[in-house]
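Dear colleague,

Please find the structure below, together with its sequence. My findings follow it, and I would be grateful if you could read them alongside the model.

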Amino acid sequence: IRMCYDAIGNPTVDIVCDLSEPLDIPSESYFAVFSKFAVEHISYRKTKQLLSEIHRILKPNGKFVFIIPNTLEQMRWVLNRYDEDGTWDKDSSCCIFGDNDYPENTHRVSFFFSSIIRDLQETGFENILVIPFGELTTDMVIECTKPKEVKMIDKAKLMTTRQELFDKHYFHGGSKVGG
């Protein structure tokens, strides 16, 4: 993420970091993470690491909402884009590869409906919802949730409790638990 400034020079970004590296953010710090057209600028070799990092920094039941290109829909759109003279429309390159107006503004990974769902599931997300996005529907909004915290019951304590509740008094009509 690069630092951005408003019209009078104030920073508009709270945290500046390299998304292709582990995030210097404590675990379970945020209720939600939102990203718009950023994940596709990370190397395909690092996207699952980024998804794992986002999962790590979310609180239990936290939401991750992000917008990314849908490469399959972009390809379908591009196949129908030719200039009047039969040459490929230059907007097609921008759609697939990014604007390229500064060095980092290039797409480094392609996303498909099924592949992003698989990657999110493998990194621990659930309740995954994918919705077409944009006027051309060549992008997608994805919403997913980090599972709620599951509290494990100590098995030894559970057995002690059961033994105390269901002792001979219970089975002999005792009144301790309404036997």
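Predicted model: local features only at pLDDT ≥ 70, side-chain atom pairs only at ≥ 80, totals over all residues.

Residues are numbered from 1 along each chain as its sequence is written, and side-chain values use heavy atoms, with hydrogens and water left out.

Overall organisation

The protein has 6 helices and 4 strands, which are DSSP runs numbered from the N terminus (helices H or I, at least four residues; strands E, at least two). Their order from the N terminus is β-α-β-α-α-α-β-β-α-α. Of its 179 residues, 31% count as buried (under 20% relative accessible area; exposed is over 50%, and partly exposed lies in between, with a 1.4 Å probe and protein chains only). Among contacts (heavy atoms within 4.5 Å) with a separation of 6 or more, 63% join residues 24 or more positions apart.

The nonpolar core

The largest nonpolar core has 24 residues, of which Phe64, Phe66, Ile68, Ile116, Leu120 and Ile142 touch the most other members. The elements that give two or more residues to this core are α1, β2, α4 (113–122) and β4 (139–145). A nonpolar core here is a set of buried Ala, Val, Leu, Ile, Met, Phe, Trp, Tyr and Cys residues joined through side-chain atoms within 4.5 Å. Leaving aside residues up to four places away in sequence, Ile68 touches Phe37, Val39, Glu40, Phe111, Ile116, Asp139, Met140 and Ile142.

Individual residues

Leucine 58 belongs to strand β2 (residues 58–69) and counts as buried because its relative accessible area is 0%. Its C-alpha atom is separated by 6.9 Å from that of serine 27, 31 residues apart along the chain. Beyond four places in sequence, the contacts of leucine 58 include Phe125 and Lys146. Histidine 55 is buried, with a relative accessible area of 17%.

Isoleucine 131 lies in strand β3 (residues 126–133); at 41% relative accessibility, isoleucine 131 is partly exposed. Apart from residues up to four places away, isoleucine 131 touches Asp139, Met140 and Val141.

Two residues other than glycine have a positive phi. Asparagine 61, in strand β2, has a phi of about 70°, and asparagine 100, in the loop between α3 (90–97) and α4, has a phi near 60°.

The second largest pocket

This pocket holds about 190 Å³ of space. Its lining includes Phe37, Glu40, Cys94, Cys95, His107 and Asp139, and by class the lining has 4 nonpolar, 5 polar and 3 charged residues. A pocket is an open set of points on a 1 Å grid over the protein atoms alone, where a 1.4 Å probe fits, with protein on both sides within 12 Å along at least five of seven lines; lining residues have an atom within 4 Å of a point. Grid points are joined across faces, edges and corners, and the volume is the space filled by probe spheres set on them. Ala, Val, Leu, Ile, Met, Phe, Trp, Tyr, Cys and Pro count as nonpolar, Asp, Glu, Lys and Arg as charged, and the others, Gly among them, as polar.

With kind regards
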